[in-house]
Amino acid sequence: MSSPLRWAIALSLPLAAIGLAVARGKKEAAVEPAPVEAPPPPVEVPPPPAAPALFPAGLPVLVDTLPPGIASLSAQSCNACHWAAHDSWAPSGHARAWSAPGYQAALKGAGASTACLSCHLPLASQHDQLAAGYIDGDVARPRLQDNPAFDVTLMSEGVTCAACHVREGTILGVHASPNSPHPITVSAELSSSELCASCHQLSWPESDRPFYDTYGEWNGSAYAKAGVDCQDCHMAPAAGAPQPGSLTAVPAHASPTTILRALTTLVALPDPYITRGTALDVGITLVNSGAGHSVPTGNPFKTWTIEVVAIDAAGKDLAPPQRTVLARTVEATPPWRTTGDDRIVAGGKKEWTVHLMPNVKGAPGTGALVVRAVRGTTTVELRRIPLSVR
């Protein structure tokens, strides 16, 4: 799954110089060529480390052998030494992959399919029951059997450290550490987008498009062509205090996602005024300038509502907010065929005009035009432009 590392060897070969003595009006005198030195032997470069396939048999993955020096598969066992990584992971979407109310609600809508459970609980021991097969090959109709290795503590940790970092009695890492208290196997796969595809790319049988297509969206973008992987944006190393056996810069395990970094918000107005009782036409352009995938991405239940509103100095609406939804809509039941798509692809843009009618009551003063993105209880202000109200 992992991309091969590129190794280059530059060899410098000395050239023999032949000197010719030339006397004016006389024949050229022959000069013996200088001896040619033998080229140096090729530099022996070790082959790139083999990247173990993190999920060779699919998900959930069976991890039944603890590496020496590890107390348990719980993330808390990693916390003592790798506290920077642990503390950034703890409030993340990965840590809350199982417990998040939004996921639990979506799970009911998808029929509690093992296709969902296997990514949100990627360790086999996180499941009280495992699929022994599927009725008529339908992933929504698994034949379940009890799992004697079930661990309720691990279930509560969602996408926990061991899901990506523990295999066959060793810890997988991106760097070797000879002084580590536990064995480490270097895995190039941990730094590749293919790792993320294991969960962030999901096709439902008989559907017209992948249910999750984040990896596919990235793979067709300019980011992939430029060699910018998922981890470059979502796990960029952050400087921190030195930790035992670790580098000072630790990859951010919070996997941050913010629409403010993804979108550039442009506003067009004829003048810097809001005139009460007079229609205000506002041109809105949203450019996906910062995400290597569509906005929003992931499952089709994720949407962003873009609100445009004019407010006075006290923050009161001068006109009702005008709303536009960024979403991919699908049928209500499997196989979730697509019925519409108003998202913004990587490098793409969406343009529209908003018509506002400010109320006539109130005194002149200051105000603002605000563009904000809303998802559930989360509101992100994308742009605020101060304006005069007259």
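**Close-up views of a predicted model**

Of the protein's 390 residues, 37% count as buried.

**View 1. The whole chain in the predicted model.** The protein contains eleven helices and 19 strands. Among contacts between residues at least 6 apart in sequence, 62% link residues at least 24 apart.

**View 2. The surroundings of C161.** The closest cysteine sulfur to that of C161 belongs to C78, at 4.0 Å. A disulfide requires two cysteine sulfur atoms within 2.5 Å, so this separation is too far for a bond. C161 is buried, with a relative accessible area of 18%.

View 3. C233 has 42% relative accessibility and counts as partly exposed. For the protein, the count of disulfides is zero.

**View 4. An open sheet of five strands.** The strands are arranged in the order β11-β19-β18-β13-β14, and their pairing is mixed. At the edges stand β11 (273–274) and β14 (322–326); each has a single partner strand, so one side of each lacks a neighbour in the sheet. Strands of a sheet pair through backbone hydrogen bonds, in either a parallel or an antiparallel sense.

**View 5. The pairing of β13 with β14.** Strand β13 covers residues 304–312 and pairs with β14 in the antiparallel sense, over five bridges. I306 stands opposite T324 of β14. Strand β14 is one of the edge strands of the sheet.

Note on methods:
Residues are numbered from 1 along each chain as its sequence is written. This is a predicted model: local features need pLDDT of at least 70, side-chain atom pairs count only at pLDDT 80 or more; totals for chains, interfaces and linings use all residues. Side-chain values use heavy atoms; hydrogens and water are left out. Helices (H or I, at least four residues) and strands (E, at least two) are DSSP runs, numbered from the N terminus. Buried means under 20% relative accessible area, exposed over 50%, partly exposed in between (1.4 Å probe, protein chains only). Contact means heavy atoms within 4.5 Å. Two strands pair if DSSP finds at least two bridges between them.
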